[in-house]
Amino acid sequence: MNKRNILILILMLVNTFTATPQKQPINLSKQAKFSLLTCGPGDELYTTFGHTAIRLQDDSVNIDITFNYGTFDFNTPNFYLKFMNGELDYLLSVQETERFMRIYAWEEREVREAQFILTEAEKQELWYLLYTNMQPENRAYRYDFFFDNCATRVRDLLFKVKKKSLPYESTGIRYRQLIHEKNTSDSWSAQGIDLLLGANTDSIASKSGRAFLPDYLEAIFIENGMVEQPVTLIKQAPAQPQNAVNIPNLLFTLLLITTIAITYKESKQKTLYTWYDATLLIPYILLSLLFMYMWFVSSHLICKWNWNVLWASPLLIMLYIDIFRKKAVNRMMVELVCVDALLVAFIMLSALRIEYFSNIAYLSAAALAVRVNYRLYYTYNNWRSTFSKK
C-alpha cells in the first residue's frame with residue numbers, strides 16, 4: 001500500500017469512528033505545504049463573522065485536504081438545548097479541499113489562501129498536532145465564541161508550532177466593537193446580539209484576543225511573518241444594498257410615540273388603560289426571563305452580567321399580576337417605585353459606560369418609564385383622594 005492510500009485510510013477511520021487509527025501519522029513529503037484559508041461572511045447569521053480552516057497539500061502523493069474546526073453534529077442528543085446552554089461541542093472534521101471550496105463558491109463567499117511559512121520540522125509538527133486532534137477522543141471541543149472557536153484553534157496551533165508567545169498587547173478596542181464591524185446596527189440580528197451579550201463583551205481585546213475573527217487572525221499571522229501574502233481563490237459576492245431606514249429603530253420609536261400618545265390621552269381623560277400595560281409588559285417579561293436564563297443557567301460567559309435586566313426586570317412579573325388586583329394597590333406602588341429605581345440605575349450604568357446598550361434598549365426603557373410613572377402618578381392620586389375622604 002502506498003503512502004497516499006495509507007493516509008486516506010487513516011482519515012477514513014478517524015471520520016467514521018469505526019476503528020482505532022495508527023498511533024503515529026505518516027511523514028509528509030518535502031513538497032507538502034500548509035495554508036490558512038480565510039472565508040468571507042455569508043447571508044446566514046452564523047456565517048456573519050466568516051470562517052477559518054487549514055489546508056494541507058502534498059502533490060507528491062496527490063493529497064489536498066482541509067481541516068475544519070467549525071463543524072458540529074446535528075444528531076447530538078438535546079442539540080438545541082445544549083446550544084442554548086452553551087454546552088454544544090464543536091468538532092474538527094476533515095474533507096477534500098475541492099468539496100470545501102465548492103460550498104463557498106456556491107454561496108459566493110470569498111476564500112483567501114495564505115501559505116504558512118514553515119520549516120520541514122514545523123510542518124511535521126503541525127501535521128502531528130492536527131492528526132492528534134483528529135482522533136475520536138480529541139476532535140470535540142467546547143465552543144466559545146470569543147475564546148475557543150475555529151479561528152482561535154488555528155491561532156493556538158500555529159503559535160505553538162512556531163514556538164512564539166501570543167501577542168497580548170491591548171488594542172484599545174472592545175470585543176463588542178469588533179462584532180459591530182461585522183454586523184451592521186440596522187439589522188435585527190445586530191440588535192438581538194447586543195441585547196443578549198453582557199458586560200463581559202465590553203472588555204478590551206488584546207491583539208491575540210481579536211483573532212477570534214478570521215480576518216484579524218490572518219492579519220496577526222501576516223504581522224508576525226507566519227504566512228505569505230494571501231491570494232484570493234473565490235471572490236465575494238457583491239454586497240447587498242442596506243436598508244435606507246433602520247427598521248428596528250423605527251418600530252421601537254413608533255412604540256415609544258404610541259405609548260406617549262396613549263398616556264397623554266389617559267391623562268386628559270383622567271383614566272388608566274390597564275389593557276395597554278398588560279399588553280406592553282408581556283414582551284418585557286419574556287425578555288427578562290431570557291436574560292436571566294442566559295445569565296444564571298447557560299454556560300455562555302458572554303451572556304452573563306447582562307444589565308439589560310434593569311429595564312427588563314423579573315420584578316415586572318409581580319407588577320403584571322398586581323395591576324389586576326385591586327387589593328394589591330399598596331404593594332403595586334412599591335413595585336412601581338422599585339421599577340423606577342431600576343430604570344434610574346440603567347441610565348447610570350449607561351452614563352458610566354459599564355455596558356453598551358442598543359437603541360432598542362433605550363427606546364424600550366423609555367416606553368416603560370412613561371407607563372410606570374404615569375401609573376404611579378395616577379394610583380397615588382387615587383389613593384390620596386380616597387384617604388382624604390376617609
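**Exercise 1. Find which residue of β2 is the bridge partner of T38.**

Start with the strands, meaning DSSP runs of E with at least two residues, while helices are runs of H or I with at least four, and both are numbered from the N terminus. Strand β1 covers residues 33–39 and β2 covers residues 51–58. The two run antiparallel and are joined by seven bridges. Follow the bridge from T38 and you land on T52 in β2.

Before going on, know what you're looking at: this is a predicted model, where local features need pLDDT of at least 70 and side-chain atom pairs count only at pLDDT 80 or more, while totals for chains, interfaces and linings use all residues. Residues are numbered from 1 along each chain as its sequence is written, and side-chain values use heavy atoms, with hydrogens and water left out.

**Exercise 2. Work out the strand order of the open sheet, and say which strands stand at its edges.**

Step one: strands pair if DSSP finds at least two bridges between them. Step two: line up the seven strands, and you get β6-β4-β3-β2-β1-β5-β9, with antiparallel pairing. Step three: β6 (140–142) and β9 (231–234) each have a single partner strand, so one side of each has no neighbour in the sheet. On average, neighbouring strands are turned by 30° against each other, direction ignored.

Helix α5 (residues 150–161) lies across β1, β2, β3 and β6, at about 50° to β2. Helix α8 (residues 214–223) lies across β1, β2 and β5, at about 140° to β1. For these angles, axes are lines fitted to C-alpha atoms (for helices, over the stretch in contact), and values run from 0 to 180 degrees between N-to-C directions.

**Exercise 3. Find the buried residues of helix α6 and explain why they are on the same side.**

Buried means under 20% relative accessible area, exposed means over 50%, and partly exposed is in between (1.4 Å probe, protein chains only). In α6 (residues 175–182), the buried ones are Y175, R176, L178 and I179. They cover an arc of only 155° around the axis, which puts them on the same side of α6. That arc is taken from the directions from the helix axis to the C-beta atoms. These buried residues pack against β7, α7, β8 and α8, where contact means heavy atoms within 4.5 Å.

**Exercise 4. Count the disulfides, then check C39.**

A disulfide here is a pair of cysteine sulfur atoms within 2.5 Å. By that rule, the count is zero. Take C39: the closest cysteine sulfur, in C150, is 8.4 Å away, too far for a bond. C39 is buried, at 2% relative accessibility, whereas C338 is partly exposed at 34%.

**Exercise 5. Say how many residues the largest nonpolar core has, and which element supplies the largest share.**

A nonpolar core is a set of buried Ala, Val, Leu, Ile, Met, Phe, Trp, Tyr and Cys residues joined through side-chain atoms within 4.5 Å. The largest one has 40 residues, and I54 and F67 are among those with the most contacts inside it. Helix α5 gives the largest share, seven residues. Leaving out residues up to four places away in sequence, I54 touches several residues, including F34, F116 and L158. A second, separate core has 36 residues, among them A278 and L316.
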